[in-house]
Number of protein chains: 2
Amino acid sequence: MEIEKIGEFELIKRIAKKVGKGKAFIGIGDDAAVIKAGNELLLWTVDTMVEGDHFSLKWFTPKQIGMKAIEINASDIYSMGGKPTYALVTLVLPEKTKIGLIDGIYNGLLSTAKKHGIEIVGGNITHGKQLAIDLTLLGVTTKKKLLLRGNAKPGDYVCVTGNLGDSRAGLLCFLKNIPGFSKVKKKYLEPKAQPKKAKRILGKANAAIDVSDGLASEIRNICTQSRCGAVLYYEKIPVSSEAKKVAEMLGLDSKELALFGGEDFELVFTVPEKKFKKGMGIVVGRTTKERKIFLQKKGVKKPLKRFGYDHFKENIEKVKTK
Amino acid sequence: MEIEKIGEFELIKRIAKKVGKGKAFIGIGDDAAVIKAGNELLLWTVDTMVEGDHFSLKWFTPKQIGMKAIEINASDIYSMGGKPTYALVTLVLPEKTKIGLIDGIYNGLLSTAKKHGIEIVGGNITHGKQLAIDLTLLGVTTKKKLLLRGNAKPGDYVCVTGNLGDSRAGLLCFLKNIPGFSKVKKKYLEPKAQPKKAKRILGKANAAIDVSDGLASEIRNICTQSRCGAVLYYEKIPVSSEAKKVAEMLGLDSKELALFGGEDFELVFTVPEKKFKKGMGIVVGRTTKERKIFLQKKGVKKPLKRFGYDHFKENIEKVKTK
């Protein structure tokens, strides 16, 4: 059987089952692995960006590639209630890569690492046909601060920390050569991890995850691991006015950009009603005992059947040929 | 300027300079980064294997790819005096990859991880044109056990823990469709990290490194970081009888396979004469105050000018077309 038929979600479940449970505090399945180290917990994550799939040199400056590599990994650490500390960087470089490109990537890596208090301590450089950057990030947290995907309780509010869909709207503008729309284009090129927003929910939220693959996919991850379900309120999902305009131009539903777009790197979290405060985020749904996920639109609940971005079912090049 | 002109060694020096020194115990430049964690030191390394560059599915079973990914990373941890603990695995998968291939890779990863006491705690799966596996490994050690590249002292013996050149001999057999020579082929397909040999030199060796790029390259790394030089004794470099036969068939000097081949994953270490014991390894040279590297052959010392495998100057495909 080929991977396109099974999809990313099922593939990861399959691998997690094969690997099994060990002595790590948290193994496969959350934004980062969690390992005990003295009185602290180490958070540990990795993310890979491949040219043609995750970025294109037609749109990204080398600096923006470096910036994005740090931000998307830092986002995984913040969404678990941690602080990023150290990074290893692997660059896979095709023949005839210019030194200036590498310098540019490192300029982005270093300035963004500094902003987050991250130190680059090593890595690896090797040859391959496609330019790729693979970043491994360590972070620290404590048991008290640790924020998992799997602790949502039925009846929690489902919240998001900001507009969703901007990044996908930006990508669509690039793919379809649409001029203007600089805000959503920038959101796509320069996503930002959200340490301040993560801090605001610490000690209050039951579960959290960052939006890398779209709201629908993230809520599925939370529900699967928390053994609960959820209802999402279509009308409440926050979308920027620029994303709405892009969607309109392309004859798309802007809420679908939010649900299935991804790469917004805002946080999705669940929080008991009593602990929710306005500054924490926007309520977009509620978790339920029944282990199904529904989208409620104009008062009508329908099961959600699509779940965000899947690297094996779509990628930049496939989108391009549509 | 293009990377082929600058080469891997200079490129890493350039990046290390750009990144600078931070608060990590050891940053860029050793087999693994070293980070303080309570009373222990964390060792942290990453290595990437790209199809066509680092392996070919024509020769490797999926299981052997998984095995090799663990062994080559574990080797970096042992060569620093540590014990590997946890791993993150990134798979970059082309379209139409068979699930059986992924299962096979994981079978290799898991059996080899178990052998070394390593737990796989997470990772990442993504899409790319070339199959690639990127493994990040954590390990632990103590200040007392830590074995760096940069602590060699002038007058140390330079030693290796076993035959060198087998792996390159095996690769050449595959590239040139030479039948037989199963021992060196197996050394290439199934390299092994050397925990027992590493243990034997702990507390005695001044500096150590594993042979990933060939003896010449590794001794250059030790000398550069230890601010010393070395003389290597051509006649003393240990080469297996099979590697000698392969070299002879191909009209090559078997010692060159050892010096410039790589992927043997034996240890190169320096040790004061007084601390050297026979079971630790084979003496192949001596470090010197003068910061140059010489190869002594039939009593004549000549400066060593070539330094092992460089991913940007040669790769499997380039070797193929020779």
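User: Is the crossing of H2(B) and H3(B) left-handed or right-handed?

Analyst: In this predicted model, H2(B) and H3(B) cross in the right-handed sense. The term applies because the near helix is turned clockwise from the far one by less than a right angle. Helix H2 of chain B spans residues 62–78 and helix H3 of chain B spans residues 99–116; the angle between them is about 35 degrees and their axes lie 6 Å apart.

User: Which residues of H2(B) and H3(B) meet?

Analyst: On the side of H2(B), the residues include B:Ile65, B:Met67, B:Ile70 and B:Ala74. On the side of H3(B), B:Leu101, B:Tyr106, B:Leu109 and B:His116 are among them. By class, this contact comprises 11 nonpolar, 7 polar and 2 charged residues.

User: Why are H3(A) and H1(B) called roughly parallel to each other?

Analyst: H3(A) packs against helix H1 (residues 3–19) of chain B at an angle of about 20 degrees, with the axes 11 Å apart. Angles under 35 degrees count as roughly parallel, and H3(A) and H1(B) are therefore described in that way. Their crossing is right-handed. In this contact A:Ile99, A:Tyr106 and A:Leu110 meet residues of H1(B), including B:Ile6, B:Ile15 and B:Lys18. The residues divide into 7 nonpolar, no polar and 1 charged.

User: What does each chain contribute to the contact between them?

Analyst: Chain A gives 56 residues and chain B gives 56 residues. On the side of chain A, helix H1 (3–19), E1, E2, E3, H3, E4 and E5 each supply at least two residues. That side has 27 nonpolar, 16 polar and 13 charged residues.

User: What makes strand E1 and strand E4 of chain A edge strands?

Analyst: The open sheet of chain A has 5 strands in the order E1-E2-E5-E3-E4, with mixed pairing. Strand E1 (33–37) and strand E4 (119–127) each pair on one side only, and they are the edge strands. From one strand to the next, the twist averages 20 degrees.

User: Which strands of chain A does helix H3 lie across?

Analyst: Helix H3 (residues 99–116) of chain A lies across strand E3 (83–93), E4 and E5. H3 runs at about 170 degrees to E3(A). Angles over 145 degrees count as roughly antiparallel, so H3 and E3 of chain A fall in that class.

User: Why is strand E5 of chain B described as largely enclosed by the rest of the structure?

Analyst: A residue is buried if 20 or more other C-beta atoms lie within 10 Å of its own. In strand E5 (residues 132–141) of chain B, 9 of the 10 residues are buried, so the strand is largely enclosed. E5(B) is joined by 10 antiparallel bridges to strand E2 (residues 40–50) of chain B, where B:Leu41 has B:Thr141 as its bridge partner. A further 9 bridges, again antiparallel, join E5(B) to strand E3 (residues 83–93) of chain B, and here B:Pro84 stands opposite B:Gly139.

User: Why is A:Ile12 called partly exposed?

Analyst: A:Ile12, in helix H1 of chain A, has 17 other C-beta atoms within 10 Å. A residue is buried at 20 or more and exposed at 12 or fewer; the value of 17 lies in between, so A:Ile12 is partly exposed.

Note on methods:
Residues numbered from 1 in each chain as written. Chains lettered and ligands numbered in written order. Predicted model: local features only at pLDDT ≥ 70, side-chain atom pairs only at ≥ 80, totals over all residues. Pairing = 2+ DSSP bridges. Helix = DSSP H or I, 4+ residues; strand = E, 2+ residues; numbered from the N terminus. Axes fitted to C-alpha atoms, helices over the stretch in contact; angles between N-to-C directions. Contact = placed C-beta atoms within 7 Å. Nonpolar A, V, L, I, M, F, W, Y, C, P; charged D, E, K, R; others polar. Parallel < 35°, antiparallel > 145°, perpendicular 65-115°, else oblique.
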